[in-house]
Every structure is written in structure tokens, then in C-alpha cells.
Amino acid sequence: MNKRKTKLLGLLFSAGVVQLLTANMLEDNIKAEAMATIMAEVNWQQSITGTVVDEEGIPLSGASILVKGTTNGVVADFDGKFKIDVAPGSILVISYVGFETKEITLGVEKELKIVLTAGNALEEVVITALGIKKEKKRIGYATQEVKGVTLQKAITPNVLESLSGKVAGLTVISNGADFFSDPSIFLRGEKPILVVDGVPQPNTDFWNISSDDIESINVLKGAAASALYGSLGKFGALQITMKSGKGIDGTRVSINSSTTFQTGFLRIPKAQTQYGPGNTGRYEFGTGAAGGGGINDFDYSIWGPKFDGRLIKQSDSPIDPVTGERIPTPWISRGPDNLGNFVETGLVTSNNVTLQSGSEKGNYVISNSYKHAKGSIPGQKLDINTLRLTGTLNVSDAISVDASLQYNYQYSDNRIRGSYGPTSPIYLLSIWGGANFDVRNLEHVWVPGKEGIKQDFVENWRYNNPYALAYNWKKPWTKNDILTYAKVNFKITDKINAFVRSTLSTYSLTDNEEISKDIYNYDIPDRGGRFRYNAYRYFENNTDFLITYNDSFFNKDVSLEATLGGNQRYLNRQEEHASTTQLIVPEVFTLQNSVDQVTPTSYKYSQGVYSAYAVMDFSYRNKIFFGMTGRVDKSSTLPEANDTFFYPSVYSSIVLSDLIKLPSAISYLKLRTAYAQVGGDLGIYEATNSYSTGRYRNLPTANFPSTLENPDLRPSFTNSFEYGFEMKVLNSRLGIDFSYYENQNGPQIFTQPFSAASAYEGVLLNGRTTERRGMDFSITAIPVRTKNFNWSAIINFDKSKNYLTSLPPLPDGTIPEWEGDFGANFRNKVGTPIGDYFYYVWERSPDGQLIIYENGLPKRTDFKVNTGNTQPDFISSINNSFSYKNLSMNFLFDGRFGGVTQDAYERDLWRAGGHPDAIHPERELSNIAYVNGGDAKTMQIEGVRIVSGKLHMILTEIF
């Protein structure tokens with residue numbers, strides 16, 4: 001199925017849903033409201049309208065209005081207004097955070113004005129590990145929720161990118177320049193597990209999740225919050241709850257469409273355009289390859305002659321019909337903005353149609369999302385269609401069934417990467433390409449008459465025509481992804497509930513490469529073209545059960561919530577790979593079209609984890625809370641002697657505002673603390689000696705691993721401590737959620753190296769410990785709230801450092817002080833933050849002056865020195881939201897501050913000769929000297945003085 005068929009599938013399905021609904025509902029009473037999302041509701045009860053305000057008459061936007069004893073409810077709009085269809089005599093329950101809940105029994109009135117009184121905060125309910133709902137005040141660890149509606153206002157290519165700046169301690173790193181690349185996400189400096197509807201999805205990239213299907217994302221911070229997910233959850237979890245249709249009474253149709261334009265690059269660094277390609281000021285085109293008779297016309301830098309109009313033989317110079325030689329043409333800058341002229345404006349369009357329906361018998365959701373994206377580099381397009389069916393059937397008062405099926409289809413014809421090398425247009429146009437050509441004149445790609453055989457470009461040895469990379473090195477990606485589950489819920493008694501669930505996550509993926517002839521890369525020196533076939537299949541099943549018991553004792557002063565469950569996780573992954581050598585026939589991309597015999601490879605991996613867990617939560621008068629969890633895992637990837645391990649967690653919280661009388665300005669104050677220990681296993685086959693097979697000189701081989709297995713290897717462990725508080729003041733218009741945490745990682749599993757003369761390179765051992773210490777907080781504020789205008793703000797802040805705390809002894813028994821080889825760029829000293837960056841710097845005298853060699857060049861240090869630490873000092877974001885009536889506007893400022901990094905782009909601009917600061921009078925003097933055979937050492941720098949027409953060195957006194 002190609003991208004055109006994908007678009008057609010999405011449009012046909014969406015149109016079909018709309019036509020079906022229109023045909024079935026024309027005779028019903030449907031009212032459409034003009035909103036950002038179009039709704040169509042079908043009800044058969046009387047309509048009640050009303051307004052919810054506070055004691056000052058200010059509308060309470062977002063107030064909840066629910067018909068007691070039902071799932072029928074609405075939310076007040078910006079003006080505090082609502083409309084709900086109810087039966088006469090119903091009881092409305094009106095609630096709002098920071099205000100007392102109010103109940104109203106309906107009579108004959110059809111319009112209401114409801115005034116809420118500031119008081120005890122509304123009890124927030126959050127989704128915790130395993131999908132268990134709890135009152136937020138009962139939990140002793142930090143969580144932060146992001147509503148799904150905030151992810152739908154400006155659709156991003158990947159839903160995870162929408163979380164940037166929305167959660168304290170959560171960092172989303174998105175490489176916008178790399179089309180269809182997976183964003184990296186870190187929670188308190190580590191990678192959390194992604195969870196969908198209570199089931200971990202360690203292999204998802206979230207391109208298979210539509211933001212229109214998300215109800216909320218609850219971020220569980222720290223090991224205590226996610227310990228029930230086992231080793232997968234040792235660094236926290238992103239708990240994603242999908243829309244289920246619950247709370248809908250009647251039928252609702254929503255249509256959501258969004259288009260976002262993207263420039264792709266935040267900034268394009270400028271290169272100098274006064275000098276062209278070549279070396280030592282000399283350039284002349286022969287063939288653009290070695291042995292072609294040119295001068296510095298292949299694999300060149302940008303240290304060539306100045307663009308001053310001089311006549312030089314160039315790649316597009318006309319051919320003299322008599323001599324057959326190229327006729328020199330003016331040497332001028334023709335492409336001062338080649339990269340800017342090459343890139344395009346990218347876009348992301350998303351269209352969703354959702355049908356939700358609910359009644360006493362159950363509920364269901366049918367959703368189809370179609371997303372189309374175009375990259376900023378030509379030739380990159382992506383089509384994703386997600387069809388999701390989910391629902392609940394209430395079989396009886398004691399049994400209900402939940403089920404969901406999601407099918408996701410992805411197709412991309414090309415995915416160019418902005419990496420360093422000949423396969424990247426960025427590499428060429430911004431660093432090594434020069435301004436002697438206009439890239440827009442090369443869009444035809446091929447030399448006329450040699451289509452598919454010979455590129456038309458200014459260099460034919462190492463570089464490629466950028467449009468050849470865009471259209472003739474294709475990386476077609478086709479993925480079929482299925483996520484489904486079935487769950488049976490049992491209400492055994494009023495105090496005991498249970499469920500049994502089975503979840504399946506599976507996909508098939510082909511990720512091929514179609515490389516035309518004459519395209520060069522380091523692994524294709526023959527420029528003979530290639531076809532590379534890569535297929536992946538993944539299967540993961542989780543089957544679990546959970547039994548919960550709720551009761552209260554001692555006149556209901558003490559309550560208990562107990563949970564007992566188990567899980568069986570099985571995964572299987574298979575891969576097949578094959579590649580041609582040179583292509584026989586150009587532009588035919590099949591494995592048969594190979595000059596040499598194709599030798600395929602394949603891999604199979606499987607893992608099983610069996611788990612049991614329990615939770616006990618106690619509360620005293622709903623003010624003091626204490627809980628504990630325990631989990632035991634049996635993993636197939638650990639040695640049999642230590643493949644079963646147990647780990648606990650404990651947590652507590654106290655709502656001080658309910659225990660003691662606080663100043664009236666403080667409406668809510670909660671203290672919390674938590675501790676967790678989480679075990680970890682290894683990757684598949686990492687703990688066992690397994691052979692790898694292959695061929696050498698056409699003979700079969702089997703290779704023993706280089707790392708010895710250790711039958712006594714134990715699981716790694718992480719110990720997490722957390723302390724924090726939550727406070728709301730000024731009627732909840734100002735709130736803070738603060739945490740201090742320490743995560744002690746280890747003893748970790750590591751490879752202890754030893755001499756390769758033993759035929760092995762190392763052995764797996766338990767050792768090496770690290771510790772991350774830090775704090776984060778989130779401040780929410782409503783500085784202004786009037787009848788027509790609201791201003792709300794969220795400030796997120798995180799500051800942490802990861803330390804190396806110990807290293808295991810070496811084979812001779814000594815305890816090392818440093819980690820990393822001397823001379824490596826990254827070395828870590830025990831007791832200091834991890835990530836010190838070592839590099840060469842210019843050597844200076846005690847008073848800060850450069851030390852200069854006799855040849856006029858500055859002296860570099862003899863060894864690499866510590867230039868600083870790469871960890872940021874802190875991460876912070878400020879999100880402001882302004883709304884006036886029905887118009888809203890949001891501003892997000894998000895950044896990482898502090899820490900050192902190497903600017904490889906800046907370095908390579910200097911190497912290539914394209915840096916803007918590489919323009920100075922001495923450069924032209926050097927070129928003239930090189931061309932004429934004179935002395936090119938004409939640069940006058942610090943420490944050099946010109947006297948009597950000769951160079952004399954003034955040595956700086958350093959002693």
C-alpha cells in the first residue's frame with residue numbers, strides 16, 4: 001500500500017463514518033454547536049442550562065456538572081455556562097477545584113445560576129501504576145497530569161513532542177531536522193517506561209498513538225510511583241489513558257482538523273561566501289574526480305580562490321568545440337544560500353473523526369485519525385492512519401467486559417538524516433559544498449541521457465547531488481501495527497473487585513533502502529547502487545489479573561485498600577536482512593538484481609518474565625495515609641541461580657490542612673515521602689554465552705562471544721528516596737508541588753575488562769554505583785481571572801546531578817579512581833558528577849597569553865584537559881495561557897541551562913574553511929603566496945611582530 005492509497009483510506013473511512021451517522025440520525029434531534037471541535041449530540045431528555053460562578057460572580061470555567069448516580073456530565077465553558085439533558089427530579093453534582101461541592105435537586109426550572117463557595121479542595125483522582133485510580137492525596141510520591149485536550153491544540157508529528165515543557169523534570173529532545181525521528185524523553189535524567197491503559201509498552205515509538213485518542217497522560221515520577229511495573233518502571237512512567245466513551249450519555253460525534261507548518265531548523269548557521277572550493281587558493285575543474293586533470297576539484301575544502309570574477313574552468317563551463325577543453329568562466333558566488341534554497345516549509349496535517357456513545361448498557365468509541373507530514377528536506381513524506389475501536393459492555397451488575405482494537409498503518413518514502421557524511425545534504429550544503437554553484441540548477445539530478453547512471457554535480461568523487469539524496473536514495477518504511485486487549489471485570493461483592501486482562505502488541509515492519517547508481521557513501525565506494533532489505537516482526541503479550549479489596553474499620557476511622565495481582569509477559573522479535581552488491585540493471589531494486597550472490601541474515605529473540613505483586617494502602621480518618629507494595633519477578637534473561645528477585649516500596653502522606661488549623665490563605669497542604677527498591681534484569685542473551693554464525697571465505701563459521709558469562713550474576717537494583725509537599729493558597733489560585741529525590745543505582749551489571757590475550761575481553765560482574773540527587777517543582781498560578789479574561793501560568797523546574805559513587809576493584813584488587821581510558825573525551829572520577837568532557841585547548845602562560853610556536857601557530861596542550869561537565873545546571877519552562885471570551889493564546893518557553901557541549905558544526909566550518917571568521921586580509925595574502933610559490937606564513941597573530949620585512953618570534957615569558 002503506497003502513500004496515495006493511505007490518504008484515500010483515511011478520507012474514505014472518515015467520509016463513510018459521517019455518511020453513516022447522517023443516514024441514521026436525520027430523524028433524531030441533533031444540535032450542532034460551532035466550536036473548535038464540532039459536536040453532534042443525541043438525547044431524549046429535557047435540557048437544563050445554567051451558569052457556575054464563585055462568590056464574586058466570576059465564572060468558573062471548567063466546573064464539572066454531573067447527574068448523580070450516572071455517567072452523564074458536562075463541563076462549564078469559558079463563561080461558566082453549561083447545558084445538560086436530564087430527567088426531571090435528577091440531582092446535579094457541581095464541583096470545582098478549590099471549592100465545596102454542591103448538589104441541586106431539579107424541579108421545574110430550566111435555567112440555573114449556581115454559586116460555589118471556596119472551601120476544601122476537590123479530591124483529585126489520578127491514574128497510578130497498573131491503571132489503578134486513587135485519590136491524589138493518598139499517594140506519597142510525585143505525579144503530574146497533562147490533559148489530552150492540550151495535546152490536540154497544535155498537533156506535532158509525534159505526540160510525545162507535545163509534552164515538552166508541560167511537566168517538571170520531564171525533558172523531550174526532538175531532532176526537528178531529522179524527519180520521522182523518534183523523540184528522546186527523559187524523566188529526572190533517566191528514560192521512563194511508556195504505558196498505555198495500564199500496560200507497559202517498552203517497544204512503542206508513539207508514532208502509533210493519535211493525540212485525538214488520548215484522554216490524559218499522568219507522569220509517575222520516581223521508582224516508588226512505578227515500582228509495580230517492575231524493572232521496566234525503575235525510572236518512572238508515562239501513564240497514558242485512552243478515551244473510552246465512559247461518562248457519555250447519548251451519542252457524540254467530533255471532528256478535529258489541524259495543520260501546522262514547520263521550518264525544520266531553528267537556525268541555519270551561515271558560512272562565508274567570499275571564497276570558493278579548492279585548497280591553498282587554487283581550483284580548476286577537470287572531471288571532479290581523481291586523475292581527471294583538474295586542480296583541487298575533488299574531495300576539497302573551501303580554502304580555494306576568492307570569488308573576484310577571475311576566469312576559471314568550472315563544472316558547467318562550455319566546451320570548446322575545437323579543442324575539447326572547457327572554456328574558463330567568471331569565478332563568482334552563485335549560491336550564497338544553497339541550504340536555504342534547498343529546504344522547504346514542512347507541514348503536519350491531522351484529521352480525526354470520533355464517534356462516542358454511552359448508555360446504561362455500556363459505551364463505545366470509534367475513532368479514525370489520518371496524519372500527513374511533509375519534511376523540510378525535499379522528498380520526505382509520511383502518512384499515518386490510525387483506526388481505533390474500543391468499548392465496554394455491562395453484561396450484568398457484577399460483570400462487564402472492556403475491549404479495544406487499534407490498527408495503525410505507517411508509510412514513508414524517504415527519511416534523510418542530518419548526519420555527518422556524504423549521505424546528508426546538510427553535510428554538503430552547509431559545510432563542504434561551497435557557493436560556486438546554485439543548488440536550484442541541479443534539481444534535474446542526472447546528466448542528460450544518463451538518467452539513473454550518472455549524477456550531474458560539481459564534484460564526482462566524495463560528494464553527491466543533494467537532490468539525488470532526496471529522490472534517489474530512498475528509504476521506504478512500511479509498518480503495520482496492532483494494539484489490542486480484552487478485559488473482564490468482576491464485582492464479587494461491594495468490597496471485592498477483580499479483573500482478568502490480556503494485551504497484545506505486535507507489528508511487522510519493512511525498512512528498505514533503494515540506492516541508485518553513482519551515489520557515493522563510505523560503504524559504497526564503487527558507486528554501483530544497492531538494494532537493502534530489512535524486515536522486523538515483533539510480538540508481545542501481557543496477561544494479568546488483579547484482585548482489589550476495600551474496607552473500613554474502627555467506626556470508619558481506618559480504611560484499607562488491598563490489591564493482589566500477577567502478570568505473565570512474553571515477547572518475541574525476529575529480523576531478516578539482505579543486500580545486493582552492485583546493481584546489474586539501474587533503477588531495479590530487487591535482491592535478484594545483484595552482481596554477486598546475496599547472503600541473507602536472520603535473528604530471533606524471545607524473553608519471558610513472570611511476576612506477582614501486592615499493594616496495601618491504609619488511611620486514618622482520610623487525613624493520614626500509608627502504603628506499601630511488593631513485587632517478585634522471574635526473568636528468563638538472568639542466570640538460573642538468581643533469576644528470581646523481590647523488591648518493595650513504601651510511601652506515606654499527611655494532609656496537614658485537614659489535621660490542624662492553618663492560616664486562611666492556605667487552602668491545602670500535604671506532606672509526602674516514599675522509598676522504593678526496584679530490580680533489573682539484562683537484555684536477551686546478554687547473560688549467556690551464545691554463538692554467532694557467519695561465513696568467512698565462503699566457509700561457515702561460529703564465533704564464541706568475547707564476554708564471559710557469570711553464573712553468579714545477580715540482578716541490578718535501584719534504590720529511590722523522595723520527599724515533597726503540595727500546597728495551594730489564595731483559594732487555589734496559587735499552588736506548588738515540590739520534590740527532593742535521590743536515586744541510587746547499583747550495584748549495576750557491568751563488563752570487567754581484562755587482557756584480550758586470554759581470548760576474552762571481559763566478564764560480567766555486579767559493581768559500579770551511581771547516584772542522582774535533585775529537586776523539581778511545579779508552580780501553578782492564576783494571576784488574573786475576570787468575567788471575560790483569564791491568565792494562567794505554569795512554571796516547571798528541575799535541577800539534578802548524576803554522580804559516580806563507586807567502581808568495582810580491578811583484577812589485581814586495586815580500586816580505580818577514574819572511569820574511562822586516559823585520552824578519552826569522557827572520563828568520570830569517583831565522587832564527582834558524571835559527564836566531564838576532556839578535550840585539547842590552547843596552551844597559555846600564567847597571565848593568560850597564548851604560547852606560540854616558531855612557525856607562528858599556537859601551541860595545543862599535550863593532553864586533553866577537563867573543559868567542564870555536560871550535565872545541565874537546571875531545566876525550566878514557563879507556560880502562559882491567555883484567554884478572552886472564546887479566544888485563547890498560549891506561550892511556552894522551555895530550555896536547558898548550563899553544561900558544556902562541543903559544537904561540531906562550528907569546528908567543521910573552521911576545518912572546511914567556511915567559517916565567517918575565516919575571512920581576513922591574511923587569507924588572500926596566503927593564497928597569493930601559495931599560487932606564486934612564495935612564503936605563505938603571512939598571518940600576524942598574538943606574539944608575532946613584523947620588523948624589517950622578516951618574521952621574528954617574540955617568545956612569551958611563561959616562567
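Predicted model: local features only at pLDDT ≥ 70, side-chain atom pairs only at ≥ 80, totals over all residues.
Take a look at how strand 41 meets strand 42 (residues 762-767): the two run antiparallel and are joined by six bridges. For a landmark in that pairing, find Thr751, whose bridge partner in strand 42 is Leu764.

## Asn745, tucked away

Asn745 has its place in strand 40 (residues 734-745). Is Asn745 buried or exposed? With a relative accessible area of 6%, Asn745 falls under the 20% cut-off, so Asn745 counts as buried.

Another open sheet has four strands, in the order 5-4-7-8, and here the pairing is antiparallel. Strand 5 (73-75) and strand 8 (102-105) sit at the edges with a single partner strand each, so one side of each is left without a neighbour in the sheet. From one strand to the next, the twist averages 20°.

Further in, strand 4 (residues 64-67) pairs with strand 7 (residues 91-95) through four bridges, in the antiparallel sense. If you want a pair to click on, Leu66 stands opposite Val93 in strand 7.

## Helix 4 and its cover

Helix 4 (residues 425-432) is mostly covered, with eight of its eight residues buried. That list runs through Pro425, Ile426, Tyr427, Leu428, Leu429, Ser430, Ile431 and Trp432. What does the covering? Helix 3, helix 5 and helix 7 are among the elements over the buried residues of helix 4.

## Helix 4 against helix 7

Now for the geometry with helix 7 (residues 904-912): its axis and that of helix 4 come within 9 Å and cross at roughly 55°. That angle makes helix 4 oblique to helix 7.

Which residues meet here? From helix 4 come Ser430, Ile431 and Trp432, and from helix 7 come Tyr905, Asp908, Leu909, Arg911 and Ala912. Sorted by class, this contact between helix 4 and helix 7 has five nonpolar, one polar and two charged residues.

## The nonpolar cores

The largest nonpolar core holds 36 residues, and the ones with the most contacts inside it are Phe342, Leu429, Phe437, Phe457 and Tyr463.

Leaving out neighbours within four places in sequence, Phe342 is in contact with Ile377, Pro378, Pro425, Leu429, Val439, Pro466, Tyr467 and Ala470. Apart from this core lies another, of 27 residues, including Ala223, Ala237, Phe499 and Leu546.

Conventions. Residues numbered from 1 in each chain as written. Heavy atoms only, no water. Axes fitted to C-alpha atoms, helices over the stretch in contact; angles between N-to-C directions. Parallel < 35°, antiparallel > 145°, perpendicular 65-115°, else oblique. Contact = heavy atoms within 4.5 Å. Nonpolar A, V, L, I, M, F, W, Y, C, P; charged D, E, K, R; others polar. Buried < 20%, exposed > 50% of the residue type's maximum accessible area, 1.4 Å probe, protein only. Core = buried A, V, L, I, M, F, W, Y, C linked by side-chain atoms within 4.5 Å. Pairing = 2+ DSSP bridges.
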